[in-house]
Structures are given as C-alpha cells and as structure tokens.
Amino acid sequence: MYLLNPIQKILLLLLLSGIFSCSYLPEEKVGAGDLILEETADYILLKSAFVDVSKAGIVFYPGGLVDPHAYITSFKDLVLEDNRVVVILKVSANLAILNSKKASSVISEVTYINQWIVGGHSLGGSTACIDVFNHPDNFKGLFLLAAYSVNDLAAYNLPCVSITASHDEVLELASFNENKVNLPEEINISSPAELPIGSTVGKTIYYEIEGGTHAQFGNYGSQEGDGMAIISPDAQQLLVIKMLQKFLLINQL
Amino acid sequence: MRKRFLLTLLINLSVYSGYSQNIALDINSFYGGWNNELSAYYYGGAGISLLYEHPLKKGALSGGFALRTIDWGNQVTVNVGYNATYLLRDNWRLDGVSTVGLGLALFKYKPLLVWSFGYVPEFTWLRKKKIDYSMGLGIRYSNSPAYKNYGQIYQLLEFPIKIGVKYHLKGKTPASVVP
C-alpha cells in the first residue's frame, strides 16, 4: 500500500469497494398470482386484493447484500392467507445497517395500517433491533431470522420471536448466544404447536428449523460459507410462515 | 468532405489549451425524480468517481470509473465524457459535462449490464495551485435492462449533485485558462 501513489490508492479502494459490494441476486420473477406488488424507491409492498386492516402489518429489513426482491416469495403465503400487508424495505447498497430508521419512516407512509411488527434477516434483523431500540413505540412485535440484537431490548415490553436454522453456518452462534441477554426472557420451542396459548409480551420465543440454512430464509440461491440444507427453501419458508402466523395470532396482532 | 471534416476535428482535438491534464475525484449524491414505476422525489444513492481529463482546444475529454449505490444495489461503470467550457474567468470556470457510462450492476455470480448518460453543469474554482475545487448539479438517466427480470424498477432519472477536486498532473492551474 505504501508503494502506491494517491491515485493508485483511490483506484485500489474503488476496486475493493466494488468487490465487497456485490449483492446476492434474487431468483427471477415468476407470476405473482393474486399477490399485489407496489414498488417504490424505498420499499416493496405486498398485499392481497382484500387487506384486513385490523391485522398488524409486517415491515422487514433484508439481509446484508441481499436484493430485497429475494424475500417476496418468502412472505407470499403470509400475505395471501392472512390478507396482511408486508413491506420489504429497500436499503442503500443493500446494507440495512445504513438505513436503521427506515422501517419507522416507511410505516408512516402506509396510513391504512395501524400497527406494525418489524423483523429482519441476518444483518437486517440486527438493524430491526436498532430501529426498535430507537423507536420502541412504533412497533408491537419483533421477529428475527438468523439474527440477534446488539442493543439491549431485554426490558422492552414486546413479543419477540427468533427463528434460526440448524444447518446455518453463516450465523455466528457464539455471538447469537452471547446476545440473547439483549432480548426479553427466553422460551425455547421445537415446533409452532408448542407456542404458549396466551400473549408472549415480554418474552422471546426461540425456534430452530431442523435442516434449514441461512440463505433459505430468502430466495437468492446458496450463500458463501453456509451449510448444506436437508430441507427445501419452500419447506423452510413454510415453517417460518406457520410460526409467524401462530405468533401473531396468540399476540392478537 | 467527410475526410476533411474528420481531419479538422482531429486537429481541433489535438491542440492543447483551456484545460490541463487533471485527475478529477468527485463525490456524488443522487436525488431521484422519476423511475419506470412512479414519479416522485426520493434519495437515489451516493457515489464516487475518478476521472482522467485530457485537454482539448475547447474543453476536455474525460474517462474513468464511477462506483455508486443505486436502486438495484451497487454498480460500477466506465464513464467517458466531454467537458465544454461555457464561461472562463480569472479564478473560476463554468463547464457543461456530458458523460455516458457503461458498466455492471454488482451481483455475485451474475453481474448485470447497466448504462447511463447525463449532463452536469459544473463550476470550478481555479485556485492557480495544484488542486482546484468543483461542484455541479445536473441530470442523469440510468438503465439496467436485465434487472426487470428481478425487480420492478430498472430505469431511473435522477438529479446528481457533485463536489470534487481536480488534481493537475502537470503543475498548477494552467496559465492558458486565464484570459
């Protein structure tokens, strides 16, 4: 580096920035069926023809360097079965951490939905926690997909659910476990059927999907450093949706 | 007739004046006004560009790299352009910078083609030192044709604001730019 002149250093920085800013491309678009998509520069809104405005909307931070369109299929069933609005955020450089207030600002634009839960995948999950930490009144719940909070939310009176996958080799387990103290009281379950009957406000439900991987929470192919899945992306995403549906139901969201 | 025109053009292009040889480093901020889904004001991203400017009889040719964040994530383009000088004073200059860019949307395993063109009126403070400062506000169109297979928005019209420095490769601001 010391042998390079300033212009060569800038060129090298540009080259390295280019290399390290490559995102994962989503699967190609297929027919959306009954799903209605509204896309702006800030978000992709998914809804059905009959939106149930009494149900909480879901606002979602994508994983780091993952194109936000990779999550459309993941949430399709939740939208169509529950008539619920899902907003997938579009973030600068596909790095949610650069826009940690975006969920809070975007939900104010969707005025027909009165309550929201926020979630995210991987880096997006940690960013969702930052948004909750800074704007706790904006959200009625939190869900994390292969993610953890670095902000202390333990005393926040929210229902939380943390979903991981057993063959995820991207999520740092040591950090995940160390940071459990930042979320409300821990309850471990092995299937959505084991969820408590009543509200889980002030508790964090931990659920691990057997055979799933980090990348299969979205639809962007395989991820470098990830494990080998023994279930399909569809099966993993179905389990996520079933878990979320029940979690939202028991918390009347 | 055509040969004569080309010859005249080449002579004009090869005569030195106006600009010095510069390296221009610009930081850009893009503000969206239109895309193929809607017309609205929005923040479109930020970028950095590094361009070599070669003097011509009038204005300069420029070429280099630009890296920026954009609706589809990040992209890198090779930009070439022409800087036309409109006004030249003792310590400032007003140019119109027209550029075209061709490059790639940065996706792992499958980068996508992007192209763009734009025009930025640029004000340069000629300090008569090794480095001059510049700023500009313009308009830019970007398109990633293949991205329509993945997302809804693949064409953008934005208003870039840029600030930059011009580093003179040979000495300070050339005397020839001072009338």
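Predicted model: local features only at pLDDT ≥ 70, side-chain atom pairs only at ≥ 80, totals over all residues.
In strand E4 of chain A, the residue that Val59(A) has as its bridge partner is Val87(A), and I start with this pair because two strands count as paired here if DSSP finds at least two bridges between them. Strand E3, residues 57-61 of chain A, is joined to E4(A) by three bridges, and the two run parallel. Helices and strands are DSSP runs numbered from the N terminus, where a helix is H or I with at least four residues and a strand is E with at least two.

Residues are numbered from 1 along each chain as its sequence is written, while chains are lettered from A and ligands numbered from 1 in the order in which they are written.

Strand E4(A) also pairs with strand E2, residues 43-47 of chain A, in the antiparallel sense and over four bridges, and there the partner of Tyr43(A) is Leu89(A). Both faces of E4(A) are covered, with Val86(A) and Ile88(A) on one side and Val87(A) and Leu89(A) on the other, all of them buried; buried means that 20 or more other C-beta atoms lie within 10 Å of the residue's own, exposed means 12 or fewer, partly exposed is in between, and the C-beta atoms are placed from the backbone.

Ile88(A) belongs to strand E4, residues 86-89 of chain A, and it counts as buried because 25 other C-beta atoms lie within 10 Å. Leaving aside residues up to four places away in sequence, Ile88(A) touches Tyr43(A), Ile44(A), Phe60(A), Pro62(A), Pro68(A), Tyr71(A) and Ile72(A), where a contact requires C-beta atoms, placed from the backbone, within 7 Å.

Which elements complete the unit around these parallel strands? E3(A), H2(A) and E4(A) form a right-handed β-α-β unit, right-handed meaning that, with the strands pointing away from the viewer, the path from the first strand over the helix to the second runs clockwise. In H2(A), the buried residues are Ile72(A), Ser74(A), Phe75(A), Leu78(A), Val79(A) and Asp82(A). Seen down the axis of H2(A), these buried residues fall within an arc of 140°, so they line one face of the helix; the arc is that of the directions from the helix axis to the C-beta atoms. As background, an α-helix has 3.6 residues a turn, so residues three or four places apart point the same way. The buried residues of H2(A) pack against E2, E4 and H6 of chain A, and just after H2(A) comes Asn83(A), with a positive phi of about 50°.

That brings me to H6(A). Buried residues in H6(A) include Pro233(A), Leu239(A), Val240(A), Met243(A) and Phe247(A). The buried residues of H6(A) fall within an arc of 160° when seen down its axis, so they too line one face of the helix. Among the elements covering them are helix H2 (72-82) and strands E6 (141-145), E7 (160-165) and E9 (203-209) of chain A.

Two further residues deserve a word on their backbone. Most residues other than glycine have a negative phi. In chain B, Tyr109(B) has a positive phi near 70° and lies in the loop between strand E5 (92-105) and strand E6 (112-125), but Tyr109(B) is exposed, with 9 other C-beta atoms within 10 Å.

Chain B as a whole has one helix and nine strands, and buried residues make up 41% of its 179 residues. How many residues does each chain bring to the contact between them? Chain A gives 24 residues and chain B gives 27. On the side of chain A that touches chain B, helix H1 (6-19) and strand E1 (36-39) each supply at least two residues, and the largest share, six residues, comes from H1(A).

Conventions. Contact = placed C-beta atoms within 7 Å.
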